[in-house]
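Biologist: I've got a model open and I'd like to learn how to read it. Can you walk me through it, beginning with a single residue?

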Amino acid sequence: MTMTAGLVVAAAPAGSAADSMTDLGVRFSIGDHSEVVTGGDKVFVTAGDRVVVTDTEGVLLGAVTGLAGVEGLVAAPDGAHAYAALPGSHEVVEIDAAALAVTRRIDFTAYPCPTDLALSGETLWTAHGCEWFTGGVTRLDVSAPAPQPVAVVTGQATAPTIAAAGNTLLLGAPDAAAVADVLVYDVSAGSATLRGEIDGDSPATNSRPGLAITQDGSTAVLAFSSGFESWDLASLTKLRDYGKDSGVLGQVGGFAVSPDGDHLAGGWWLGRGVELYDVATGAITYTQKVPSGWPTPKILAMVIAGNDVFSVLYTSGTTNLRLWRLEDATLLPSAVTLSAPEGATALEPLTLTGRLTLPEGMAPGLRSLAVTRRLPDGTSTALFHAKTRTDGTFTISDTPPTAGTVGYDVSWRGSTTVRGSTASVSVDVVRQSASLTLTGRTDLVIGNGLRILGTLKFGDQAPTTGPSVTVIRANPDGTSTELGTVQVSETGGFKISDRPVQEGEYIYSVEFLGDDVAAGASDALFVTVRAGNV
């Protein structure tokens, strides 16, 4: 008997049952631009000429189509509206999320080619720029009945990358020759006053950094091809790096910062998948590979909503965009371990042991665990919940109802602060031994009826599978007669009735052929049939 076990570890939990992959149903090429944002209970994804909308469980709700090549996208915190930048038609459109329709079109002809957007309160910041050295940033009061863009930054080489929160506006230098990678502006008075510069990553980099800013405006996060940096915006000093490991292959494809500023999600191309970092410490708190079986999947954009991480995936050679949801990815990690005995037999009890481990400083205490048994035929059964002891250990007793590879899954659902976890083991269960006994008369007068009583046992118990036995009679003349099958009762007993018509010796053979629970068994009764009285 052999055993194989699988273990969920804290840093790389198995995908939850609530994780989802949604095909957004759009035609897309790698030359198109895609962004993903959330607001309220909705997720918005740009895909070429449309904005696709799902709920926060990844269920597709619909799309706003016919847009002139969407670039930037932001959503109001309550999810009622989203704003999309359309550089082809030189406008920003307001989208009603409930109606899935454009409700306002704001003219940006005076500031052509709007691209990047940032929403802070009721102020919409818009980066624009078509011709060389016509780039800049405008602000727009979206609460106004007829909002008009007002220039706050001008003279940029092209359209910059922006991020905004509170009284701070970040501007990514739009060309490699810029004096600084990121400019930091104070916008408390409505205008933009330069406070300083951030020279992020290597000065030799030719890629513009991605920008994010925590909602309180205290910290900036910059994304480069090799990893991420956080910067304190009060002192304009670098805090720490994230994901920068020259020994690990990967290139940043997308990233997001949680609304509370505690979590940084990084999406990596070339195999690393999704990594979550604690912004304060830099520690990796969660990892998940992109689902296997796809050729060169790429993470284009990411967003954190509540405890979940959403990523937009593109697969080379296809036109499909997919929205990948990782449930509870931002919660603290937990781990469940599970082990099984080295051997098991069908219909005999076995004991599983395990432990629930919570983050350092948190005692497991008495916790309820869900237990599922998986049988070789693919069916599953939820068993009684297990309970942890105060130290997190637990014991599970079960009686496998069949032989073969039987699997067990143990899951802790998690809490409001700690992510749930699951562990699994598979046990090779052998068939139970079977015994079959026959009793009855061994001498019989010809013409009289014969009754044979039989008992079938699996181990020392009555069968539980409702089996049948096969009866064959060997006749005195050397021939054999199949008497058919007899059903075994719940107590393991069965009866055979016959009336021999020849003198001589008969052999009644009864065989249980075996099943998924028990091995085969047989027995025989020799009966002599005579003429006259016995």
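Predicted model: local features only at pLDDT ≥ 70, side-chain atom pairs only at ≥ 80, totals over all residues.

Biologist: Where is T402 found?

Modeller: T402 sits in the loop between β35 (393-398) and β36 (404-414).

Biologist: Is T402 buried or exposed?

Modeller: The cut-off for buried is under 20% relative accessible area. T402 has 11%, so T402 is buried.

Biologist: What about the nonpolar residues?

Modeller: In soluble globular proteins, nonpolar side chains tend to be buried together. Here the largest nonpolar core has 49 residues, and L352, V410, L436, V469, F494 and V510 have the most contacts inside it. Another core, of 17 residues, lies apart from that one, with V52, L300, Y314 and L321 among them.

Biologist: Which residues does V410 touch?

Modeller: Beyond four places away in sequence, the contacts of V410 include V336, L338, F394 and I396.

Biologist: And how do I read strand pairing?

Modeller: Look at the direction and the bridges. Strand β44 (residues 504-512) runs antiparallel to β45, joined by nine bridges, and V510 stands opposite D523 in β45.

Biologist: In which sense do β39 and β45 pair?

Modeller: Parallel: strand β39 (residues 443-445) pairs with strand β45 (residues 521-530) over three bridges. There, V445 stands opposite R530.

Methods
Residues numbered from 1 in each chain as written. Heavy atoms only, no water. Core = buried A, V, L, I, M, F, W, Y, C linked by side-chain atoms within 4.5 Å. Buried < 20%, exposed > 50% of the residue type's maximum accessible area, 1.4 Å probe, protein only. Contact = heavy atoms within 4.5 Å. Helix = DSSP H or I, 4+ residues; strand = E, 2+ residues; numbered from the N terminus. Pairing = 2+ DSSP bridges.
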